[in-house]
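Thanks for asking me to look this over. My notes follow as numbered points, to be read with the structure open beside them.

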Amino acid sequence: MLRAQKLNLSVPGKTLCRDLDIVIKPGECWAILGRNGSGKTTLLHALSGLRVPESGGVSWAGKPLADYPRRDLARQIGVLPQDEGHEFWGTVLEYVLLGRYPHSRGFGVSGEDEEAAASALRQVGMADMAGRTLITLSGGERQRVRIAMLLAQSPQLYCLDEPLQHLDLGHQAEALRLFRRLAAEEGRAVLMVLHETLWAGRFCDHALLLYDNGEIASGSASELLNGENLERLYQCGLRELPTEDGRCWVPA
Amino acid sequence: MNLTLHLPATWLVLAAAASIASVVTGLAFGSVDLPLGDVLRALIGKDATLVTDIVWQLRLPRVLSAFACGGLLALAGALLQALLRNPLADPYILGISGGAAVAALSAMIFGLAAAAVSFSALGGALAAVGLVFALGFSRGGNMVRLLLTGVVLSAGFGALISLLLTLAPETQVRGMLFWLMGDLSQAQAPGPVWGILLAALGFGWWQAKSLDILGLGELKARSLGIAVRPLQIGIFFAASAATAAVVVEAGTIGFVGLIVPHFVRLLGFSGHRWLLPLAALAGGSFLTLADTLARTVVAPQQLPVGVLTALLGVPLLLFLLSRKP
């Protein structure tokens, strides 16, 4: 269980987040929504222990993130950052195996590591590409391999920064279903920065809306994701399209 | 999986065999060519003859120095390519050689003895390392700033080197140019370079997985449990020590540090666990052979070994690059 208490985040000249209190429980799926530069990534980094907040604290299972040895924390919280570019010359399988680092001791690759990597590649539909050199893949394929590395890491909380980048519509849905299933069936938690409000409404049960003035609304996705809030969030007129669950917005 | 396990071991044996062959070749050829049998007999200490003297006193120290320097340059290149996440990085990219060169050439202008020149080069290298570290790692530090700091300092040192060459008496310019292009003729004590080679290789081997992960980007590496900043500082100092040792021993030998790691990668080794030892062996063999050629091609005159590493290395790497998609 991840808990943020009185969390304050700012970058020079801007307060991104003021006194945020949230609790993310096993099995929950959270969306972080906001305009460009509203601090979604900064918040994700603070909640995953990659950034020290200006004040306030984040704890996992009752213990502050900073008190965990790094590798121990990496077995609990995994992060899919936005693509930083990479300097990696090996194969897809070798790449995914690096995700096992927090679980392995010493040099070798254990049978368990190989199994986890193979299973992760199967889950993103890249098993038959395992022997390919990573740099020969397309952007979308690479993104799926990056997701596979995170699956091989097998943390209890997945922190995803724009997990759908480069993915086509079909693979977007597949990726979200995968994480949804990990939450529902294995009791893991998912926190993701998304731009697609439609997907947020369909796959997430909770939402964090980061308004431009540093105000943050958090709570149930079905309550927060409505036309009024989204128009204010994106500062853009929206029109709601009638769908079965009534949660699809397009620019007016 | 069997294949991927056995293949590196095969290549490691091949590289070790090539290393031994290069050392023996280096011992056999020179201003006097020695029969292979005599060299081997001399090595195991049979018959105290002129051959034994040539092998043990003259050639072995130089050949062993050349091997260690080549290994160090390749290692430093591979480490810096991982640290800066830049395939263009080479051991000299952070300006360490420039600092050493300015100090060494100054010592030459003042007419100091060879030992003092080496000592001065060491001082210059250490000063450059300290300067790059202080500027590049200050305020949290990021690798782009480290790289820019190194490149800018290199350019500055380059200007000073040109200035020194212009001001130097003509009789000294030739010696200075030799130093700048890499020259193993003064290398007589391989002990220290071997010590640093083994230490740097041990560090790289120990951190091999972390080095692989560092290539994924700092955020990803941290999220996987790597202590990124201490690792970066460790790599910086390991690569700096390797570079400084070579520069002091043999001046600035180009191309080994840039091309040998790529050569090993083009053979299909990307993980540092295999890349580093293979690069060290390949770099050592390469420089040993290049130095043997430098001593023999126009014997009794010797060529700067840096000229040969470039002349041999450039076509080799271009050929390999053209074959890979």
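1. Is the crossing of α5(B) and α6(B) left-handed or right-handed? Please keep in mind as you look that this is a predicted model. The two helices cross in the right-handed sense. In chain B, α5 covers residues 114–136 and α6 covers residues 143–167. Their packing angle is about 140°, and the axes lie 9 Å apart. At that angle α5(B) counts as oblique to α6(B), because the roughly antiparallel class takes angles over 145 degrees.

2. Here are the side chains to click on for that pair. From α5(B) come Ala128(B), Leu131(B), Val132(B), Leu135(B) and Gly136(B). They meet Arg145(B), Leu146(B), Thr149(B), Leu153(B) and Phe157(B) of α6(B).

3. Helix α3 (residues 50–84) and helix α11 (residues 228–250) of chain B pack with their axes 9 Å apart, at an angle of about 150°. This angle makes α3(B) roughly antiparallel to α11(B). The crossing of α3(B) with α11(B) is left-handed. On the α3(B) side the contact includes Cys69(B), Leu72(B), Leu73(B) and Leu80(B). On the α11(B) side, Ile235(B), Phe236(B), Ala239(B) and Val246(B) are among the residues involved. Over the whole contact of α3(B) with α11(B), 15 residues are nonpolar, three polar and one charged.

4. Now to chain A, and to a sheet of four strands. It is open, its pairing is antiparallel, and its order is β2-β1-β4-β5. The edges are β2 and β5 (63–64) of chain A, each of which pairs on one side only. Helix α1(A) packs on this sheet and touches β1, β2 and β4 of chain A. The direction of α1(A) makes about 135° with that of β1(A).

5. The pairings within that sheet can be followed strand by strand. Strand β1 (residues 2–11) and strand β2 (residues 14–24) of chain A run antiparallel and are joined by seven bridges. Within β2(A), Cys17(A) stands opposite Leu9(A). β1(A) also runs antiparallel to β4(A), with five bridges between them. There, Ala4(A) has Val58(A) in β4(A) as its bridge partner. Strand β4 (residues 55–60) of chain A then pairs with β5(A) over two bridges, again in the antiparallel sense. Trp60(A) is bridged to Lys63(A) in β5(A).

6. Which residues take a positive phi in the two hairpins? The hairpin of β1(A) and β2(A) has two residues between its strands, and Gly13(A) takes a positive phi near 85°. The hairpin of β4(A) and β5(A) likewise has two residues between its strands. In its turn, Ala61(A) has a positive phi of about 50°.

7. Chain A also holds an open sheet of six strands, with mixed pairing and the order β6-β7-β8-β3-β9-β10. Its edge strands are β6 (77–80) and β10 (216–220) of chain A, and each pairs on one side only. On average, neighbouring strands of this sheet are turned by 15° against each other, direction ignored. One parallel pair is β7 (residues 157–161) with β8 (residues 189–193) of chain A, joined by five bridges. Asp161(A) has Val193(A) as its bridge partner in β8(A). Helix α1 (residues 40–48) of chain A packs on this sheet too, touching β3 (29–34), β6, β7, β8, β9 (206–210) and β10 of chain A. The direction of α1(A) makes about 160° with that of β7(A).

8. Last, the interface. How many residues does the contact take from each chain? Chain B gives 26 residues and chain A gives 32 residues. The area buried between the two chains is about 2,600 Å², and carbon and sulfur atoms give 62% of it. Lys209(B), Leu219(B) and Leu224(B) supply 24% of the area that chain B buries against chain A, more than any other three residues.

Technical notes:
Residues are numbered from 1 along each chain as its sequence is written. Chains are lettered from A and ligands numbered from 1 in the order in which they are written. This is a predicted model: local features need pLDDT of at least 70, side-chain atom pairs count only at pLDDT 80 or more; totals for chains, interfaces and linings use all residues. Side-chain values use heavy atoms; hydrogens and water are left out. Axes are lines fitted to C-alpha atoms, for helices over the stretch in contact, and angles run from 0 to 180 degrees between N-to-C directions. Angles under 35 degrees count as roughly parallel, over 145 as roughly antiparallel, 65 to 115 as roughly perpendicular and the rest as oblique. A crossing is left-handed if the near helix is turned anticlockwise from the far one by less than a right angle, and right-handed if clockwise. Contact means heavy atoms within 4.5 Å. Two strands pair if DSSP finds at least two bridges between them. Buried area is the accessible area (1.4 Å probe) that two parts lose on being put together, summed over both. Ala, Val, Leu, Ile, Met, Phe, Trp, Tyr, Cys and Pro count as nonpolar, Asp, Glu, Lys and Arg as charged, and the others, Gly among them, as polar.
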